[in-house]
Amino acid sequence: VKRLLLDRLIHALFVSLGVATLVFLLIHLIPGDPVDVMLGESAVPADKAELRHALKLDRPLAAQYGDFLLGLSRGDLGTSFRSREPVAREILSRFPATLLLACASLAVALLIAVPLGIAAAMRPRSWIDFLCGTAAMLGLSTPNFVIGPMLVLLFSIQLGVLPVSGHGGWRHLVLPALTLGSGMSAILMRMLRSSLLEEIGQDYVRTALAKGTPPLRAVVRHALPNASIPVVTVLGLQFGALLAGSVITETLFSWPGVGRLTVQAIEARDYPLVQGCVLFIALLTVAVNLAADLAYARLDPRIRHE
Amino acid sequence: MRPSNDPRNTRLAPAAVLLLLAASIAFAGCRQKLPIEEGTLVVALSGAPSALDPRIATDAYSEQLLQMTHAGLLRRDAGGGLEPDLAASFVARTPTEIVFRLRPGLRFHDGRALTASDVRYTFEWIRDPANRSPHRSAFGPLESIETPGPLVVLFRLKEPFAPFLTEMTRGIVPAGTAARGYAPPIGAGPFMVADVEPGDSVTLDPFLGYHGGAPALSRVVVKFIPDSTLRFLELKMGSVNFVLNGIDPEMLPEAAKNPNLVVEEAAGSNASYLGFNLSDPVLSDPRVRRAIAMALDRETIVRTLWKGKADLADSILAPAFWAHAGGLEPVPFDPAAARRLLDEAGFRDPDGDGPATRFALTYKTSQNALRLRIATAMQEQLRKVGIALDVRSYEWGTFFGDIGKGNFQLYSLTWVGLRDPDIYHLAFHSGRMPPDGANRNRYRNAEVDRLADAGRRETEPRARKAIYDRIQRILARDLPVFPLWINRNILVRDRRVSGFAITPDEDYSQLRNVSIRNSLPGSAR
């Protein structure tokens, strides 16, 4: 496991460096000038030049890149052009909201996907399998900007039990988590069903059943752990994406998370903030994938020995 | 083998479904009243402000919040003119010396006295290059700021510069703020910041020491809700009770039907216009520009796409604005005359009503869905006079960058937050082509140049207005831009909210006069 960790850490370092470089180049190459965005059209050229100088945007791109890497090596992500807050503080102030939403969505997805996936796998081609399949298809093909307002209409307007949008108590969390979690559960459910079906056909499950193990127990205790490896892979990828902040759902529910911050930063061409956000997201994704890898080792001892 | 052969398992699947249902019904059990507390007004803005500091904020959401929290020496009246706010009076002793006398007994939110030194500090901070204020260039004409007395501030200008006064509406902050590190400063406006949830909301308390009298509301919560459907649903539910210009025109009939909501409208101030690239060989001919203007049926576009919530424009200044010229000749919708003008200009239609066109033009716009629909409507209207329009939409930064670089033929934009007729210098003076200004259309007219220069130096209001009247007449003839329409300001509010006067420039400081009744007669709430 230590080898794995070390390997992954080196891997993470390269990925982050690659992402940082790519983002740095992209944000500087796309049209749009942060100085123009900040000063507006009425500014005189001398002031624009001065601000460009103050922000060190007049230096060659290579020198700016060097500064950026130097700052990174000291753990300094710079200061946001617009709000003048340190980038790290801006991101960390938004991250708890995103983390909370990601965990809640994951919980929703698992709560839906695991029971339904098992049910569908235990009775393939039955009405319940058909129902789950249809629901999954609907969940997969309905975008979040449709599910979200529909949930709001049902729970907030018709039933009047949950707030429409915003951030605060657990009640604010329910609708965005349902929106994100329901879409995610569709993939997980189908994944779990197909890999469970494969395992259920294996000899060891038949042996368990022959020994008189109740079918549900045989599936949950024996087949489920083996069937969960592909599910964990997908779960890791999806959770990583959730941690990056869902732009659409966060915007929809005015959820003050990292996704919205990133979009706002791009719109303002706030270079340090964009770089900081993307780097942060990249590191998180690497970390979550590492966690998924470690989880395999627990689930399947064979992976540990490789 | 099928594990489900065992009858005990057939109940599992419905059980899972039931569990989920039970979980969702459980919410109904904790049903609670969500609507607002008494005396609290919940306002929704369409976006979050970037900074709560009048010295560095530039975006509209910041400005709107700052109108509530920070007071300036002057403020704008309903006609866009200036009236004293923190100042008791102001006078131009000479064209280059402006003296402000502060009201006595002014206080900041923390109780500190507000004096001339705070005023000087605020503007000196903006002028200091080290602070990188985006507002710095507006103070270029300023020579010095003097404080001859604790309540007297003297602004000395290098030369007469009439637009300078509009900068005096900027909020004043206490002297010495942010000497170390950075934190948004307090102000002296009618409301004070009680709590900030970045990206989510700002909570304001009334400032009891406000010089215009304490606001009646006991609390204002400003929520940032970017999605227009959700803003409407919040209003419908009663968890938001004040939205100014944040509800889509299509949803207004639905809002008007709601017994708890009231829709109010008033004239606005942001003019949308069609811009022509005058360095383009086809569009440099004024007859072609007039023909395009005459071929556009603005009334139909306003009625159908804006649901009637816009007024036709004859200038980029709104009719209520003090410098707007009266009696400008409107451009009529007249496709037949447009065809004649195009023939006259030498652009004959090769096959009359057939598919061949006189010429093709590219029209650039942003990705806003409504703007795209408007562009498509214009495409169809221009097709009828034999002009092919190629509509292209871009991400905002790219679109705006292209317009600045002159990489366009036609485009449409809206002037937002226009405060002074000096806009004619910025956008129509031949010396102000980008990057030196906003003359994006590459307009050159020696008389307009001369008048726009004179308008900056003329400090007597009536003489100044006469100058801009003449500019507006010339532009109405030359059409370097075609003013399209001015969107109306639409307020959707809870029926219990009263006292808000909608100004053309959407002044949120008017919330100081708002009150909210406790109960709604004839309603369960």
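Because the model is predicted, local features need pLDDT of at least 70 and side-chain atom pairs count only at pLDDT 80 or more, while totals for chains, interfaces and linings use all residues. Residues are numbered from 1 along each chain as its sequence is written, chains are lettered from A and ligands numbered from 1 in the order in which they are written, and side-chain values use heavy atoms, with hydrogens and water left out.

Chains B and A share an interface. On the chain B side, 62 residues are in contact with 59 residues of chain A; contact means heavy atoms within 4.5 Å. About 5,200 Å² is buried between the two chains. Buried area is the accessible area (1.4 Å probe) that two parts lose on being put together, summed over both. Carbon and sulfur atoms account for 62% of that area. Two salt bridges are counted between chain B and chain A. A salt bridge is a side-chain nitrogen of Lys or Arg within 4 Å of a carboxyl oxygen of Asp or Glu. The side chains of E395(B) and R269(A) form a salt bridge, at 3.2 Å from N to O.

Over all chains, the whole structure holds 37 salt bridges. In chain B, E97(B) and R156(B) pair at 2.5 Å, N to O. E97(B) lies in strand β5 (residues 97-102) and R156(B) in strand β7 (residues 152-157) of chain B, so the pair ties together parts that are 59 residues apart in sequence. Helices (H or I, at least four residues) and strands (E, at least two) are DSSP runs, numbered from the N terminus. E97(B) is buried at 14% relative accessibility, and R156(B) is partly exposed at 26%. Buried means under 20% relative accessible area, exposed over 50%, and partly exposed in between (1.4 Å probe, protein chains only). A network of salt bridges links R93(B), E97(B), E146(B) and R156(B).

R488(B) forms a salt bridge with D311(B), with the closest N and O atoms 2.9 Å apart. R488(B) sits in the loop between β18 (481-487) and β19 (489-494) of chain B, D311(B) in strand β14 (residues 310-312), and the two are 177 residues apart. R488(B) is partly exposed at 21%, as is D311(B) at 28%.

D420(B) and R464(B) form another salt bridge, their closest N and O atoms being 2.7 Å apart. D420(B) lies in the loop between β17 (410-414) and α11 (423-428) of chain B and R464(B) in helix α13 (residues 461-478) of chain B, so parts 44 residues apart in sequence are tied together. Both D420(B) and R464(B) are buried.

L342(B) belongs to helix α8 (residues 335-344) of chain B. L342(B) is buried, with a relative accessible area of 0%. Leaving aside neighbours within four places in sequence, L342(B) is in contact with V288(B), A291(B), F347(B), R358(B), F359(B), V385(B) and I387(B). L342(B) and G386(B), 44 residues apart in sequence, are 9.2 Å apart from C-alpha to C-alpha.

In chain A, the axes of helix α12 (residues 258-267) and helix α13 (residues 271-299) come within 8 Å and cross at roughly 145°. Axes are lines fitted to C-alpha atoms, for helices over the stretch in contact, and angles run from 0 to 180 degrees between N-to-C directions. Helix α12(A) contributes V258(A), L261(A), T262(A), A265(A) and I266(A) to the contact, and α13(A) contributes L273(A), V274(A), C277(A), F280(A) and I281(A).
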